[in-house]
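Thank you all for coming. I would like to take a few minutes to walk through one model with you, so please have the sequence and the picture open as I speak.

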There are 2 protein chains.
Amino acid sequence: MVKKTNTATKKTAPAKERLTGFGPFDVPLGFRGLGMAAGLKASGRPDLTLFYSDFPCRAAAVFTKNKFAAAPITVCRESLRAEPENQRVILVNSGQANACTGKQGLATARAMAACAAKSLGLSPKQVMVASTGVIGQQIALAPAKKGITTLAREIASRSDWEMAARGIMTTDTFPKAAFMPVRIGGFTVKFLGFCKGAGMIHPNMATLLSFVLTDANIEQHALQSALSAAVATSFNMMTVDGDTSTNDTLIVHANGMTGNPLIRKGTAAFRIFSDALQEICERLAKQIARDGEGATKFVEISVVGAANSDDARAVAKSIATSNLVKTAIFGGDPNWGRIACAIGNAPARLRPQDVVVRLGGRLLFAKGGPAATPERLLAKAMKQKEIRIEVNLGAGRASATAWTCDLTYDYVRINADYRT
Amino acid sequence: MVKKTNTATKKTAPAKERLTGFGPFDVPLGFRGLGMAAGLKASGRPDLTLFYSDFPCRAAAVFTKNKFAAAPITVCRESLRAEPENQRVILVNSGQANACTGKQGLATARAMAACAAKSLGLSPKQVMVASTGVIGQQIALAPAKKGITTLAREIASRSDWEMAARGIMTTDTFPKAAFMPVRIGGFTVKFLGFCKGAGMIHPNMATLLSFVLTDANIEQHALQSALSAAVATSFNMMTVDGDTSTNDTLIVHANGMTGNPLIRKGTAAFRIFSDALQEICERLAKQIARDGEGATKFVEISVVGAANSDDARAVAKSIATSNLVKTAIFGGDPNWGRIACAIGNAPARLRPQDVVVRLGGRLLFAKGGPAATPERLLAKAMKQKEIRIEVNLGAGRASATAWTCDLTYDYVRINADYRT
């Protein structure tokens with residue numbers, strides 16, 4: 001329906017890139033993961049993933065604030081409320097988002113959870129579900145159930161994290177995972193996180209889909225508290241296109257298998273745990289920005305000198321969300337006026353003459369006007385694959401960092417014919 | 001620097017389209033307009049425009065809320081404060097926005113106003129100035145002054161509204177004007193409006209540049225009040241790309257030449273005047289959406305059944321601003337889930353099951369799920385050049401309308417190499 005451009009931007013063909021970032025011994029104790037092509041996607045690519053813990057998990061989650069929150073989110077909330085310290089399974093499908101699907105959609109989400117529970121000898125309330133894909137399409141329940149039964153049977157004897165990571169992908173061009181070990185009170189606690197992104201990415205509470213598994217022993221309330229804090233400075237500071245999805249879901253499962261003394265809020269151990277969770281969320285969020293739909297460049301925006309954190313975040317996100325900044329970065333055009341304009345649109349205290357803007361280390365803007373940096377140096381800085389924009393508001397001591405990607409022909413192409 | 005696409009979307013070459021919408025006898029009494037190519041644009045296209053009134057005007061204006069408001073806006077505010085009932089001239093240049101240009105930029109804006117005043121035998125405080133173009137570049141004062149002197153000399157003997165409309169254009173593909181006569185108390189009051197838009201269009205107080213001339217006799221405070229109300233439901237409900245410019249300016253000049261009894265606030269005559277001003281602002285705003293950078297389709301979003309006006313506007317603007325909705329419209333894909341998602345992201349009271357969405361008159365979404373309308377009918381509706389999205393929130397009686405355009409390859413192309 002839409003002609004393809006002949007520009008050489010990033011392909012969205014099936015990614016050959018392998019899952020990296022962790023080895024077989026890096027998996028948190030007691031967790032398994034498996035994915036498969038269950039026939040939910042017309043393309044035949046992997047579309048169903050099961051994460052399983054051998055032991056009960058304390059769980060925490062954040063969800064989209066969109067009022068059309070998808071059916072699986074309703075099911076997740078119910079499971080989390082009923083069994084916050086006894087979760088075992090996260091079941092994820094891609095292909096259909098199961099959002100705006102009415103009563104039938106909710107029945108499907110419940111049936112999928114029930115099928116996983118039955119196959120694994122659990123209660124449905126020990127299962128959390130998540131979906132991603134086209135909004136408004138019903139998931140075909142028969143192939144989904146068949147796939148769930150297969151995964152439940154096979155996961156008893158093996159894991160395949162590569163397939164697990166691929167089963168949650170939509171327009172992502174590479175599978176996304178992050179691993180991190182951390183020492184807490186003489187014990188090694190491991191974190192393994194997965195996520196998918198690519199489009200409709202402007203999280204408000206959480207990204208499209210992300211799952212973090214850890215063998216830490218931590219109070220459930222402390223876990224939720226650490227998660228909410230981590231999200232504020234990671235997923236919520238990353239944007240691809242300014243659209244918050246109906247399905248944004250981030251779930252953390254902590255099964256306590258590492259045997260460390262229970263982590264309680266306000267302790268030194270809690271701070272170490274929280275920092276590690278923040279770090280893993282940030283790594284995952286950056287991968288999503290790097291793999292934004294049609295993206296050719298990764299952009300980090302660092303704001304310092306703000307009167308307070310809200311101001312710093314507002315300025316960073318205003319730049320990250322500006323279509324004009326993002327197209328200029330795609331074109332390699334050091335059109336810093338658009339950055340100044342985006343700063344000026346943010347609800348933040350500032351005086352234009354106090355603002356200093358740098359791009360790739362080069363001075364762009366100071367004292368209310370353009371800096372004397374030669375254009376060719378700025379043009380060179382704009383041609384990098386990784387662009388760093390630094391803003392000093394000169395109004396205080398608070399700071400924030402946001403991540404995004406450029407806005408390209410391929411973003412338009414992917415989204416003009418995503419469904420058709 | 002950026003390869004061009006071979007997609008056949010709208011050209012941005014010099015527009016051959018003529019100014020339409022009014023004839024020589026439609027000009028409000030006592031106004032003149034002239035434009036020329038003064039050499040401020042490298043392309044050699046028209047870049048300087050003078051609007052002149054033979055008699056003193058009561059003036060009103062709204063400006064951008066961007067903190068990096070351009071230098072000419074400072075000059076406008078000063079003139080308006082000093083001589084709110086004695087304005088005579090609006091001087092506009094395109095090519096450079098004179099924003100983020102520091103002290104030199106402010107001196108240039110003042111010098112341009114002073115030059116126009118001197119050439120026409122007026123005080124500088126009787127002149128308002130506006131600029132549009134690249135942010136951060138200084139206007140070359142010598143050719144600007146030469147052009148101003150030429151325009152001031154020639155405007156004594158002739159008007160050329162076509163050139164006046166072209167002198168304020170940047171990436172616009174056609175000149176934009178709207179005319180409307182209205183009967184007030186037995187007198188015919190005329191309105192003639194001009195505007196330019198195309199990119200960085202997400203007004204907050206006013207659009208990029210717009211000027212409305214009227215021969216009505218109206219109190220200055222009443223004029224400002226009518227203008228502020230008109231903007232809220234016209235320019236502020238229109239978006240191209242979600243970016244609010246540093247230069248947004250809307251000025252109304254009313255010279256009273258029609259001889260009608262002075263219009264005061266709260267009277268029947270004031271209501272007629274306000275409605276007419278709203279109508280002309282809406283016509284101008286729609287032209288800007290229609291000519292959004294790279295646009296191939298015009299989109300009107302009508303929201304009814306909202307709990308209050310704020311909710312209605314928030315939902316209409318959320319849809320109008322969504323990159324995903326706008327790319328789907330470009331691709332002709334009836335991906336209504338994205339519309340639902342955009343509705344759900346707005347800060348408005350609603351229950352998903354109460355929301356009804358129609359596209360081109362066809363039912364898309366109701367009772368929390370997809371409607372039974374056949375896909376081919378929806379696809380046909382999406383292929384129109386003019387797309388109408390109707391949303392009933394089922395939460396009250398308030399309504400709002402917003403306008404936008406689709407997001408295309410050409411938007412990316414134009415903005416990736418605008419400056420280079």
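I will begin with confidence, then turn to a few places in chain B, and finish with a set of strands in chain A.

Please keep in mind throughout that this is a predicted model, and that its overall scores are an ipTM of 0.70 and a pTM of 0.77. For chain A the mean pLDDT is 86, with 91% of the residues reaching 70 or more. Within that chain, helix 3, residues 141-154, has the highest confidence at 97, whereas helix 11, residues 409-416, has the lowest, with a mean of 76. Over residues 1-15 of chain A the pLDDT falls below 50, although the model gives this stretch 35 contacts beyond near neighbours in sequence. Residues 203-207 of chain A also stay under 50, and there the model has 31 contacts beyond four places in sequence.

Gly105(B) sits in helix 2, residues 102-120, and it counts as buried because it has 25 C-beta neighbours inside 10 Å, where the cut-off is 20 or more. Leaving aside neighbours within four places in sequence, Gly105(B) is in contact with Ala71(B), Asn98(B) and Gln138(B); Ala71(B) is 34 residues away along the chain, yet the two C-alpha atoms are separated by 6.1 Å. Leu377(B), in helix 10, residues 375-382, has 15 such neighbours inside 10 Å and therefore counts as partly exposed. From Leu262(B), which is 115 residues away in sequence, Leu377(B) lies 54 Å away, C-alpha to C-alpha.

Finally, the strands of chain A. Strand 10, residues 356-359, pairs antiparallel with strand 13, residues 386-392, over four bridges, and it is joined to strand 11, residues 362-366, by three bridges, again antiparallel. Val357(A) has a bridge partner in each of these strands, namely Val391(A) in strand 13 and Phe365(A) in strand 11. In the hairpin of strands 10 and 11, which has two residues between the strands, Gly360(A) takes a positive phi near 55 degrees.

Terms used: Residues numbered from 1 in each chain as written. Chains lettered and ligands numbered in written order. Predicted model: local features only at pLDDT ≥ 70, side-chain atom pairs only at ≥ 80, totals over all residues. Buried ≥ 20, exposed ≤ 12 C-beta atoms within 10 Å, placed from the backbone. pLDDT = per-residue confidence, 0-100. Contact = placed C-beta atoms within 7 Å. Pairing = 2+ DSSP bridges.
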